[in-house]
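Good morning, colleagues. I would ask you to look at the structure on the screen while I go through the ligand site and then the backbone.

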Amino acid sequence: MRSGTVFTQGLRQAVGGSPFWTVEAVRQVRYHVVSSNGLFEPGNTALLTGCPDAPLHPGDRRLVVIDQNVDALYGGAMRAWFTAHGIDATVVPLRADEAVKQWDAVSRVVDAMNDFGIDRRREPVLAVGGGVLTDVVGFAASLYRRGTPYIRIPTTLIGLVDAGVGVKTGVNYERGKNRLGTYAPATATFLDRSFLRSLSLRHISNGLAEILKMALIRSEDLFVLLESRGGAVRADRLQGTTEDLSRAADAIIAESIHLMLEELQPNLWESALERCVDYGHTFSPTLEMHALPELLHGEAVVIDMALTTALATLRGDVAEAQARRIYDVIRALGLPLWNDVLDDPALLDDALLDTVRHRDGQQRLPLPIGIGRHHFVNDVTPAELRDATRLLRDHAQGHIPSAGSLVPEQVGA
Ligand SMILES: NC(=O)c1ccc[n+]([C@@H]2O[C@H](COP(=O)([O-])OP(=O)(O)OC[C@H]3O[C@@H](n4cnc5c(N)ncnc54)[C@H](O)[C@@H]3O)[C@@H](O)[C@H]2O)c1
């Protein structure tokens, strides 16, 4: 470039007489979240025409990377659907669980893209599976030729309400949870809650933990819905086998996705470090990786939320009665209040330090105010963490009675 010529929109200034250029560009981001039950039922055309930015036509080729467990359950119906609609699908099953969410899985997907000879302008990769599979494929696609489009079809509840609707991808590195990753939205995510019919109740609970997170920091209405219908909706695996359960499952999923997208959209690249969706994610990354494979992601998140609820109770921001309601809902959703990793105070201190590093030198810890609201704090001390751990242990061991018998006090109402 010849000095003095501006090829891009920008500024040229003289700094101490030396040439100086600044290039600024804004990149538009647009992605779609499309709901459609029974995606691979013969008459369903959502994958063909449901997303304006990723149409699928008879005669097209697609690389489909699918969680091998999902392939065993739904691979037959999926292949039949592609055949019936004239799509030439190359299906690559991949083992995808937290223990293998590592670089090796990424290079397998890269190999598959190489073998397929993907045309990155016209052939988005399809990722079918839980949060691990969609994170791995999204990460590989975002690296491949500096960015290849991909489409997500989440098959777990975490995938439907969280991993499938944001813009983050990633894999673990050594003990670092999602230590390698990118911001790379899928062109579209197709949500089909009928996949949840085969999901274990433990993994249903795992997803309900992220829904509970949105309720605790953003919506008392969603919390009340979980309180009244959460247990039944869980037992029904959100399949809506009665009209009432169907309405409740729809409302719970739609409301939590809506709240999540509302929080993500203004801060897609996380330049603002005070993010309320980080609630439950201050201590949990360290707890989860330390306890791996014992704790699932949502279980670690809920233990973090139980601990920070105790912390907020001690600060007077959450009333005792509200805390008991929260703990009752956690139990009703089949989630743990406690794990013995909390017995190691140094681990919690380390987790907080790691989070401070991640949040540019400050704690920026989202803490609940009552139920459904939050604020950020920077002054949590190790001693306070010990007290909160003690209080939580008393709740978990049943030394403090549950909500039912008490007159509710309102804090933050
Ligand atoms: N990218 C993000 O923004 C984001 C957000 C939240 C979580 N995550 C990531 O998501 C991961 C957790 O995802 P997950 O909870 O979906 O776990 P997962 O992907 O490990 O799936 C859980 C298990 O269920 C199996 N499975 C998947 N679908 C099934 C189905 N329909 N029926 C039966 N079995 C099925 C899988 O094979 C796996 O064994 C974590 O690694 C977490 O970091 C990412």
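Let me begin with a definition: two strands are said to pair if DSSP finds at least two bridges between them. With that in place, and noting that this is a predicted model, please look at strand β8, residues 168-173. Strand β8 runs antiparallel to β9, and 5 bridges join the two. Together β8 and β9 form a hairpin with 2 residues between them. In that turn, E174 has a positive phi of about 50°.

Which of them gives the most? That is α2, with 4 residues. In total, 27 residues surround the ligand, and the closest are D67, E98, G131, T156 and S198.

A backbone N or O atom of G131 is 2.7 Å from an oxygen atom of the ligand. K168 also takes part through its backbone, with an N or O atom 2.9 Å from a ligand nitrogen. In the case of N178, an N or O atom of the side chain lies 3.2 Å from a ligand oxygen. As for overall cover, the ligand on its own has 870 Å² of accessible area, and the protein covers 90% of it.

Let us return to α2. Strand β4, helix α2 and strand β5 make a right-handed β-α-β unit. Its strands, β4 at residues 61-67 and β5 at residues 88-94, pair in the parallel sense over 7 bridges. Within this pairing, V64 stands opposite V91 in β5.

Finally, two backbone details in loops. L292 and P293 are joined by a cis peptide bond, with omega about 5°. P293 lies in the loop between α9 (284-291) and α10 (297-314). The second detail is R237, which has a positive phi of about 50° although it is not a glycine. R237 is found in the loop between α7 (220-235) and α8 (243-264).

Thank you for your attention.

Technical notes
Residues are numbered from 1 along each chain as its sequence is written. This is a predicted model: local features need pLDDT of at least 70, side-chain atom pairs count only at pLDDT 80 or more; totals for chains, interfaces and linings use all residues. Side-chain values use heavy atoms; hydrogens and water are left out. A residue is near a molecule or strand if one of its heavy atoms lies within 4 Å of it. A polar contact is a pair of N or O atoms within 3.5 Å; within protein, one must be able to donate a hydrogen and the other to accept it, and residues adjacent in sequence count only if both atoms are side-chain atoms. Accessible areas come from the Shrake-Rupley method with a 1.4 Å probe; for residues, only the protein chains shown count as cover. A crossover is right-handed if, with the strands pointing away from the viewer, the path from the first strand over the helix to the second runs clockwise.
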